[in-house]
Amino acid sequence: MTVIGLGPMGSALTRAFVDAGHRTTVWHRFHQRPDEPAANGAIRAATLVEAVSASPLVVVRVVDHRAMREIVNSLGDTTGRVVVNLTAGTAEEARDTASWAASRGVGYIDGAILTTAEELGADTTVTFYGGPKALYQEHEPTLAALGGTCTYLGDDVGLPALYEMALLGVMWSAWAGLLHGLSLVSTEHRAATDFLPHAARWLNRVVGSVPELTAGVDRGEYPGTTLGHQAVVVERLLAASRAGGVDDGLPGFLLARVEQAIRRGHAGDGFASLIEVLRDPHPD
């Protein structure tokens with residue numbers, strides 16, 4: 001197989017494939033240090049054409065989809081090659097790249113990796129793939145070298161990027177909420193580490209409510225403490241933030257969405273009804 005792109009993640013991918021016993025050829029657009037990864041068991045190709053000619057399976061991890069297409073466009077005839085594109089991008093970019101690949105006779109699988117280069121291969125590694133099922137199944141044993149949880153999402157090559165962005169949104173929102181809470185605590189000169197055990201228990205409780213919340217979203221039913229009651233609590237959070245001199249953007253955003261949902265008739269529904277305004281903020 002061949003790996004194109006030897007940034008931090010590309011180098012980690014190369015190490016994973018080499019460690020799994022795969023004959024791995026590598027190529028990078030920029031100068032490589034002598035100890036980069038050819039010295040660790042990979043074969044450094046002198047040219048891009050040489051790298052791609054060496055293998056029927058080409059894994060690409062570069063800066064963006066445009067760079068990926070520019071690289072492959074420079075090859076001439078790539079008929080019969082299979083590209084697994086692990087370059088980060090949007091669902092629309094993945095679908096456009098798949099159409100481009102099909103026009104060149106290139107088999108195409110799009111993927112997303114949710115981990116850092118340092119943690120690639122650990123049990124916590126999460127990878128998603130989309131594309132023709134037969135093509136994915138053919139190369140699944142090779143891709144398994146990346147470790148962790150490997151999930152095929154179906155024929156739609158846009159789903160891996162969509163799931164990646166959705167999960168990162170969950171992570172960043174959770175982190176932002178925690179940091180806002182820690183900011184409030186710090187206004188009374190309390191150490192973050194003192195607050196940590198309480199935050200951890202609370203977050204576990206929050207995670208426990210996720211299955212019920214998501215099931216309600218699928219049904220379009222939103223049981224639980226009503227938004228009418230939640231609005232009062234969020235108003236207190238906003239007031240506490242302002243009193244402590246803490247940025248009130250996060251509770252302000254939350255209160256605005258709660259009030260918007262109430263205006264749409266969800267005062268008697270639970271918190272999950274906010275999805276109605278999040279996915280359709282400007283209804284007709």
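Trainee: Asp-110 lies in strand β6 (residues 107–114). Is Asp-110 buried or exposed?

Mentor: First, this is a predicted model, where local features need pLDDT of at least 70, side-chain atom pairs count only at 80 or more, and totals for chains, interfaces and linings use all residues. Residues are numbered from 1 along each chain as its sequence is written, and side-chain values use heavy atoms, with hydrogens and water left out. Buried means under 20% relative accessible area, exposed over 50%, and partly exposed in between, with a 1.4 Å probe and protein chains only. Asp-110 has 1%, so call it buried.

Trainee: Which side chain makes a polar contact with Asp-110?

Mentor: We want N or O atoms within 3.5 Å; within protein, one has to be able to donate a hydrogen and the other to accept it, and residues adjacent in sequence count only through side-chain atoms on both. At 2.4 Å, the side-chain partner of Asp-110 is Tyr-108.

Trainee: Leaving aside neighbours within four places in sequence, which residues is Asp-110 in contact with?

Mentor: Contact means heavy atoms within 4.5 Å. Beyond those sequence neighbours, Asp-110 touches His-65, Asn-85, Ala-94, Phe-128, Tyr-129, Gly-130, Val-157 and Pro-160.

Trainee: Which residue in β6 stands opposite Val-83?

Mentor: Strands here are DSSP runs of E, at least two residues long, while helices are runs of H or I of at least four, both numbered from the N terminus. Strand β5 (residues 82–85) runs parallel to β6, and four bridges join them. Opposite Val-83 stands Tyr-108.

Trainee: Which strands are at the edges of the sheet?

Mentor: Two strands pair if DSSP finds at least two bridges between them. Eight strands make an open sheet with mixed pairing, ordered β3-β2-β1-β4-β5-β6-β7-β8. The ones that pair on one side only are β3 (43–44) and β8 (149–152).

Trainee: On to the helices: what do the buried residues of α10 pack against?

Mentor: The buried residues in α10 are Pro-251, Leu-255, Val-258, Gln-260, Ala-261 and His-266. They pack against α6, α9 and α11.

Trainee: What distance separates the C-alpha atoms of Leu-278 and Arg-257?

Mentor: Leu-278 is in helix α11. Setting aside neighbours within four places in sequence, Leu-278 is in contact with Phe-253 and Arg-257. Leu-278 and Arg-257 are 21 residues apart along the chain, yet the C-alpha separation is 7.8 Å.
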